[in-house]
Amino acid sequence: MFGNQSVLPAVNTMKDFEQVMERDDDFFVVLDIHLSMLTTMRKFANESNKKMLLHADLVQGLKSDRYAAEFICQSIRPAGVISTRANMLKTAKKSNLLAIQRVFLLDTMALNTSYQQIKTVEPDVLEVLPGILPNYIQKVRTETGIDVIAGGLITSEQDVQGALDAGAKAVTTSRKDLWNV
């Protein structure tokens, strides 16, 4: 899915973005970024043969409506879209972009709600947060039959390895010291 890449660098500043453009990684995640930067980021990512996974819910300056989904999928055209919103994920799928649904492991009710949305949306990948719960990474993968990436609270090489050992296809992290794990 992500080639040999088991850690997906997550960026939320232009400085981090510039560092990722110099790396050999194919995929990277864009987190908290202003709308005005997206076109520039996409342009440089394409020129560097990088595949941007955009966390649509964290784009500053966009509403969370159908028009925002269409703008991201038709104008920005990242390789994939990460979101908790069904309309965003469905639009990504219709646009032939990788649809990654975020699943928050808050409690049983939240997990069951996520399972219901997963049935409706049929995302390509699930991002399980926090990514430091190997039992739940494995449980979500088994329950849904959908590949999982892990993110959130990943602070050590052991956290990365634990998530991968539990069946995560990759780990997302903004911690630069873990981008080479």
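In what order do the eight strands close into a barrel? The order is β1-β2-β4-β6-β7-β8-β9-β10, and the pairing is parallel. Direction ignored, neighbouring strands of this sheet are turned by 25° against each other on average. The model is predicted.

Start with strand β4, residues 51–55. Four of its five residues are buried, so the rest of the structure largely encloses this strand. Buried here means under 20% relative accessible area.

β4 pairs with strand β2, residues 27–30. The two run parallel and are joined by four bridges. Within this pairing, F27 has K51 of β4 as its bridge partner.

β4 also pairs with strand β6, which covers residues 80–83. That pairing is parallel too, over three bridges. Here L54 stands opposite V81 of β6.

**On to β7**

V81 turns up again in the next pairing. Its bridge partner in β7 is A99. Strand β7 spans residues 98–104 and pairs with β6 in the parallel sense, over four bridges.

| Strand pair | Sense | Bridges |
|---|---|---|
| β2 (residues 27–30) and β4 | parallel | four bridges |
| β4 and β6 (residues 80–83) | parallel | three bridges |
| β6 and β7 (residues 98–104) | parallel | four bridges |

**A helix across the strands**

Which strands does helix α1 lie across? Helix α1, residues 14–21, lies across β1 (7–11) and β2. The helix runs at about 145° to β1. β2 is also the strand that four bridges join to β4.

Note on methods. Residues are numbered from 1 along each chain as its sequence is written. This is a predicted model: local features need pLDDT of at least 70, side-chain atom pairs count only at pLDDT 80 or more; totals for chains, interfaces and linings use all residues. Side-chain values use heavy atoms; hydrogens and water are left out. Buried means under 20% relative accessible area, exposed over 50%, partly exposed in between (1.4 Å probe, protein chains only). Two strands pair if DSSP finds at least two bridges between them. Axes are lines fitted to C-alpha atoms, for helices over the stretch in contact, and angles run from 0 to 180 degrees between N-to-C directions. Contact means heavy atoms within 4.5 Å.
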